[in-house]
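Me: Please take a close look at a single part of this structure and describe it in a connected way.

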Amino acid sequence: MSRSECLSGRDDPRHLFACADCRADARIGAAWKSMPSPEAAEVPEPVVERFVESVLASVRRDRVRTSRTRFWLAAAAAALFSFFAGLAH
Ligand SMILES: [Zn+2]
């Protein structure tokens with residue numbers, strides 16, 4: 001389609017079916033309109049206090065569990081070491 005035909009038929013909605021350039025322009029315009037405005041995107045989500053509390057409690061529980069496991073592993077290693085040290089004598 002020539003440029004003059006395109007410019008003359010732009011007001012006609014049927015023109016979009018015939019002209020690939022105008023169809024692309026219409027799609028870009030529709031996509032641009034559907035995008036949220038930058039001001040709306042910058043508003044931070046409110047922090048859910050209960051979620052943060054539950055995550056912190058879970059981290060604390062995991063630390064206690066890890067330190068208990070380390071204690072028992074160290075005790076077992078010490079017992080094993082003393083057993084082999086006793087065998088050497
Ligand atoms: Zn056109």
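Reply: Cys-6 and Cys-22 are both buried, where buried means under 20% relative accessible area, exposed over 50% and partly exposed in between, computed with a 1.4 Å probe on protein chains only. The model is predicted, so local features need pLDDT of at least 70 and side-chain atom pairs count only at pLDDT 80 or more, while totals for chains, interfaces and linings use all residues. Residues are numbered from 1 along each chain as its sequence is written, and side-chain values use heavy atoms, with hydrogens and water left out.

For Cys-6 the relative accessible area is 5%; Cys-19 is also buried, at 4%. The structure holds 0 disulfides, a disulfide being a pair of cysteine sulfur atoms within 2.5 Å.

The cysteines Cys-6 (SG), Cys-19 (SG) and Cys-22 (SG), together with His-15 (NE2), are the protein donors of the zinc ion, at 2.0 to 2.4 Å from it. Donors are N, O and S atoms within 2.8 Å of the metal (3.2 Å for Na, K and Ca); water is not among the atoms, so sites may look incomplete. Along the chain, the donors of the zinc ion follow the spacing C-x8-H-x3-C-x2-C. Cys-6 belongs to helix α1 (residues 3-8) and Cys-22 to helix α3 (residues 20-34), so this pair ties together parts that are 16 residues apart in sequence. Helices here are DSSP runs (H or I, at least four residues), numbered from the N terminus.

The 4 donor atoms subtend angles of 96 to 118° around the zinc ion, so the arrangement is tetrahedral; four donors count as tetrahedral if all angles lie between 85 and 135 degrees.

Conventions. Four donors count as tetrahedral if all angles lie between 85 and 135 degrees; four count as square planar and six as octahedral if opposite donors are over 155 degrees apart and all others between 65 and 115; anything else is irregular. Helices (H or I, at least four residues) and strands (E, at least two) are DSSP runs, numbered from the N terminus.
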